[in-house]
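Reader: Hey, could you walk me through this one? I've never looked at it before.

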Amino acid sequence: MKPSVSIELDKKAKLLRKSGKDIISLGIGDPHFPPPKPILESLHHLPEQHSHYSDSFGLETLRTKIAASYDGFTKDNILITPGVKQGLYYLLSILKPKKLCILEPAWLGYAGLADYLKVPFFAVNLHKSDWIENLEKENFDCLILCSPNNPDGRIFSEEEILKLIRIAELKKASLIVDEIYLHFSYTTSIGFSRFAKRKDSKIFILNGFSKSYAVTGYRVGYILSADTDMLRLAELSQQNLATCTSTLSQYALLNFDQCSDSILYYFKYYRENRDLVATELKLIEADLPNGGFYYFLDLSKWGINDSDKFCSDVLDNFGLVLIPGSSYGSGFDSYVRLSFCIDRKILIEGLSRLKKALMIGDVK
């Protein structure tokens, strides 16, 4: 199985720091904030049951609260999983696609899990103007996408969503939608769940708390689906693989609905970080990501076409971690992913190093 490039580079950065080198990482998508106070405070008031198994579907109270944030769903439409990755693993294991389609550029975990499960897959390039037409021409029985997208922050419009659902329905294909960055939508965003309420819907929503509540280490995600039979099969997988999601983490998140002030603050802070990157790198409005934590920068505008070499050089010469575009699909060799979900002072220093590497402005 292929390693996760972003995780491997993050490990390398930590080792370099331990050795005494000054390293700044704009690579990993891990919010720098502490969890909201209601979550931290709940850790001091955990019931005795927190150290024991929960129901394999997840705590009923937590599932009920999650469902309440979606129109037309109940706790029976929620399976709590140890992160989005595990939920995706369950779905691909159960669906057993004969031909999986991934919309790229895409988070590297989709292809990684498909490889691991020996699921045949191909990609459709979202950066092509005729990507919808290309998708219509292809044969597939399962489609994976992310909105807002990792790595380029793309948000699918309502028109695009309806076209995607229609294409999937015509092909009788399942549609897996990763919405882990939905809270970080800087322009108008429509969740796919609005179109997934019918019992016969083959739309599966993946979401969780990691990004929006700054609890990546708690490992709490969930699958939302109107198809309770499929959720039951996913629960059976969970029973045999993980038993349940960490009960301690689930109890810690029971007050997630009391965190709106913190969530809004995180959102505004990262939106300002996004705008700062654009200012420092002299980007135009079309370059701004509509959501998420990342820029997907095409370095060819600075005369660089090999981002793998660039990322290696910039780490060695400037102590800066970026993720090469080749990690996110084919045809992105001149791109890098830059994460801005970090403290602003560190971001400013990281951008200064990047500007030196790219010889932007007065820092040649």
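Predicted model: local features only at pLDDT ≥ 70, side-chain atom pairs only at ≥ 80, totals over all residues.

Reader: Ok, so is E136 buried, partly exposed or exposed?

Author: E136 is partly exposed, with a relative accessible area of 35%. R166 is partly exposed too, at 39%. R166 and E136 form a salt bridge, with the closest N and O atoms 2.9 Å apart. R166 sits in helix 7 (residues 158-170) and E136 in helix 6 (residues 131-137), so the pair ties together parts that are 30 residues apart in sequence.

Reader: What counts as a salt bridge, and as a helix?

Author: For a salt bridge, a side-chain nitrogen of Lys or Arg lies within 4 Å of a carboxyl oxygen of Asp or Glu. Helices (H or I, at least four residues) and strands (E, at least two) are DSSP runs, numbered from the N terminus.

Reader: How many salt bridges does that give?

Author: The count comes to 20. One of them joins K197 and D71, whose closest N and O atoms are 2.8 Å apart. K197 is in the loop between strand 6 (174-178) and strand 7 (203-208), and D71 is in the loop between helix 3 (60-68) and strand 2 (78-81), so this pair ties together parts 126 residues apart in sequence. D71 is exposed at 59% relative accessibility, while K197 is partly exposed at 36%.

Reader: Which residues are linked in a network of salt bridges?

Author: Salt bridges link E60, R63, K75 and D76 into a network.

Reader: And E280, what does its side chain meet?

Author: It meets K355 in a salt bridge, at 2.8 Å from N to O. E280 belongs to helix 10 (residues 260-280) and K355 to helix 12 (residues 344-358), so parts 75 residues apart in sequence are tied together. K355 is buried, with a relative accessible area of 13%, whereas E280 is partly exposed at 27%.

Reader: Switching topic: which residues have the most contacts in the largest nonpolar core?

Author: Those are L103, F209 and L322, in a core of 126 residues. A nonpolar core is a set of buried Ala, Val, Leu, Ile, Met, Phe, Trp, Tyr and Cys residues joined through side-chain atoms within 4.5 Å. Helix 10 gives this core its largest share, eight residues. Leaving out residues up to four places away in sequence, F209 touches several residues, among them L62, I66, Y222 and F256; contact means heavy atoms within 4.5 Å.

Reader: What about S307, where is it?

Author: S307 is in helix 11 (residues 307-318), and it is buried, with a relative accessible area of 0%. Apart from residues up to four places away in sequence, S307 touches residues including L299, F332 and Y335.

Reader: Which peptide bonds are cis?

Author: Cis bonds join E104 to P105, with omega about 10°, and S147 to P148, with omega about -10°. P105 is in the loop between strand 3 (100-104) and helix 5, and P148 is in the loop between strand 5 (142-146) and helix 7. Most residues other than glycine have a negative phi, and most peptide bonds are trans.

Reader: Then what is phi for K96?

Author: It's near 45°, a positive value in a residue other than glycine. K96 is in the loop between helix 4 (84-95) and strand 3 and is exposed, at 59%. R219 also has a positive phi, near 60°; R219 lies in the loop between strand 7 and strand 8 (221-224) and is partly exposed at 33%.

Note on methods
Residues numbered from 1 in each chain as written. Heavy atoms only, no water. Buried < 20%, exposed > 50% of the residue type's maximum accessible area, 1.4 Å probe, protein only.
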